[in-house]
Protein chains: 2
Amino acid sequence: LGKPTGVLFVSDSNVAPLHGEPVRAALASLGLTAGYVELTPGEEHKTVSGLCQILQGAFDISLDRKGLLVGLGGGVTTDMTGFAAASWVRGVRWIGLPTTLLSMVDASVGGKTGVDFHTAKNAVGAFWQPSGVICDVLTLQTETERMYRGAISEVIKTALIGDPDLLTLLETQPEALLRREPSLLSEVVERSVRVKARIVGLDERELGLRATLNLGHTIGHALESAGGFSALTHGEAVGLGLIAALRFGERRGHTPRELTARVHDLLVRLGLVHRLDEQALTRSVGLLGKDKKRAGSAVRFVFARGLGDVVTEAVQLTELEEVVPSLADPAG
Amino acid sequence: LGKPTGVLFVSDSNVAPLHGEPVRAALASLGLTAGYVELTPGEEHKTVSGLCQILQGAFDISLDRKGLLVGLGGGVTTDMTGFAAASWVRGVRWIGLPTTLLSMVDASVGGKTGVDFHTAKNAVGAFWQPSGVICDVLTLQTETERMYRGAISEVIKTALIGDPDLLTLLETQPEALLRREPSLLSEVVERSVRVKARIVGLDERELGLRATLNLGHTIGHALESAGGFSALTHGEAVGLGLIAALRFGERRGHTPRELTARVHDLLVRLGLVHRLDEQALTRSVGLLGKDKKRAGSAVRFVFARGLGDVVTEAVQLTELEEVVPSLADPAG
């Protein structure tokens, strides 16, 4: 499609001071002058009104159909930039520059873009593939410990679904992982992206297979919503959701106990899962009905049967509501 | 995809009292209970905040991916319903029930959905095809005279682009057309839809051919924007834009004078074009840069060479800004 007629650069006030300058310099060296929108950081700002800030930026520079959006930051920024790109003049190109582990291994791959709507996570959005994603693992050095660790849940989930060797890699080098050793991170990101890209390539619109990527996410999302998107990070919620999904799978006869134990052990060693709390699970139950994956009164739930072996099965909301609180750790 | 798991019915406070009841009854007879959103009528409410009203309705009934949106009304309602359908949980089905001539012959065909953003018409949206469109020409009896007549501009444009016999039909039966004679209207709507559907079918994403549908729209949109979307109706603006485009085509050596005269004559007989005013054209010029069809500093302008024979050509914005005011009717 050739050189863009205009560029809008999107970042947030945390990330821009750390990593914005090289991006501006790169755009300038290509002879591209860019408009700029600085978002307020945080999942609670991943809203229609945040989206309108980006659209306003596109309007202000009269960005046309051959324009380009560039999103630098975490999943919130890249999801919002992608959705703005999908919607502005019904679709312009965009490039993702993820600066968090979560956005590198998850948000940036697969073309799901969007914003939250009240408690409904990613309820408003589009499937809109980026023209390119550039992951610089050195940017991960500046990520907060909490966000970085949380994202490892998503890597573990990805390993469970499609790359047993990746799980072994995490188990054998937890210290290097926590130290954010760049060469290890390169391998972790590359392997994770490969698994996700393979699945998305086979089922972009989530008609079947892609749904397996939601392992740990049905309960995870509900926990995240119940905490108002701020008590738990997405990664922390997914870690807890993974354990809950594995335990639920045991009861249904899908998941071997050893698999649950192995994943639980790894999550604990990485400081990711402290406690799967009964009260939090109970609070989350009412929000399951808002889950996008719901079709009528049932949810397509993802169960793990083994490494690289997952299945989806319809579970009635009523059953889920009954079982979820009982998946907690024993009290005391 | 089967029976929808939920339905959200969208209309506006003008149309719902006139035509809403049969739709509710039809949904009820199918065993579908629907949520309802009533929009404030008017192009000035075709905004992101209007869109949010529909999204709120979807949220309130927990509409899931197998849900359905039904939009009853003019192009504003169907465009907004379609975009809400495109965006809600990244895409649900929708059905259009257009009740105006403009939405029957234009807005409902081709899957362009969206909202305006400040002065940028349809600047935020998606390509999202409806699962079905049902045109009941009897609903046109309740359309205001001004809106009904304006829409005939769009029919004339369609005839010019792809159906010479439709132009003859309009020329031979102007009284029946203005009387809204149902059997004539059925033929007019059917022929118009057929032309547009043929073109859209060949070029859904407007990479080339589809742009010819914008005949009369580059200047038309600018006139409409300059009037704040309220001084002129879309149809009136397109009527004026058509004349301007034909005159511009004469100067460029594309358009035979007789064609301009024939179309001008028909528009005047139908009470559609009064005066192409120099001041209005001058005011509109500055807004041409916000036109979505712009690529860099040039606009792809559509010229008519004859009946069923249109071409697009890149025109520099600077040239357009110079020539547009001179396309006015002589003063006095």
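Is B:D309 buried, exposed or partly exposed? Keep that question in mind as you read these notes on the structure, which is a predicted model; the reply comes in point 7.

1. Start with the overall form of chain A. Its secondary structure comes to 13 helices and 10 strands. Along the principal axes, the C-alpha atoms fill a box of roughly 60 × 45 × 35 Å. A compact globule with 332 residues would have a radius of gyration near 20 Å, and chain A agrees, because its own value is 20 Å.

2. Next, look inside chain A. Of its 332 residues, 61% count as buried. Take the contacts between residues at least 6 apart in sequence: 74% of them join residues at least 24 apart.

3. You will find A:T99 in the loop between strand 4 (93-98) and helix 4 (101-107). Its relative accessibility is 5%, so A:T99 counts as buried, the cut-off being under 20%. Leaving out residues up to four places away in sequence, A:T99 touches A:V15, A:H19, A:L72, A:G73, A:G74, A:M104, A:T139 and A:L140.

4. Now turn to where the two chains meet. On the chain B side, 39 residues are in contact with 39 residues of chain A. The size of an interface is often given as the accessible area lost when the parts come together. Here the area buried between chain B and chain A is about 3,400 Å², and carbon and sulfur atoms give 58% of that area.

5. Which elements of chain B give two or more residues to the side that touches chain A? They are helix 2 (48-60), helix 3 (75-87), strand 5 (112-117), strand 6 (120-127) and strand 8 (294-295). Strand 6 gives the most, with seven residues. By class, this side of chain B has 16 nonpolar, 11 polar and 12 charged residues.

6. Salt bridges deserve a point of their own, as the structure holds 36 of them over all chains. One of them joins the side chains of B:R262 and B:E171, at 2.7 Å from N to O. This pair links distant parts of the chain, with B:R262 in helix 11 (residues 257-269) and B:E171 in helix 6 (residues 164-172), 91 residues apart. At 21% relative accessibility B:R247 is partly exposed, whereas B:D329, at 16%, counts as buried.

7. Back to the opening question. B:D309 counts as partly exposed, because its relative accessibility is 30%, and that class runs between 20% and 50%. Its salt-bridge partner is B:R305, with the closest N and O atoms 3.4 Å apart. B:R305 is partly exposed too, with a relative accessible area of 40%. In chain A, salt bridges that share partners join A:E43, A:K121 and A:E224 into one network.

Note on methods
Residues are numbered from 1 along each chain as its sequence is written. Chains are lettered from A and ligands numbered from 1 in the order in which they are written. This is a predicted model: local features need pLDDT of at least 70, side-chain atom pairs count only at pLDDT 80 or more; totals for chains, interfaces and linings use all residues. Side-chain values use heavy atoms; hydrogens and water are left out. Contact means heavy atoms within 4.5 Å. Buried area is the accessible area (1.4 Å probe) that two parts lose on being put together, summed over both. Helices (H or I, at least four residues) and strands (E, at least two) are DSSP runs, numbered from the N terminus. Ala, Val, Leu, Ile, Met, Phe, Trp, Tyr, Cys and Pro count as nonpolar, Asp, Glu, Lys and Arg as charged, and the others, Gly among them, as polar. The radius of gyration is taken over C-alpha atoms; the globule rule is 2.2 Å times the number of residues to the power 0.38. Buried means under 20% relative accessible area, exposed over 50%, partly exposed in between (1.4 Å probe, protein chains only). A salt bridge is a side-chain nitrogen of Lys or Arg within 4 Å of a carboxyl oxygen of Asp or Glu.
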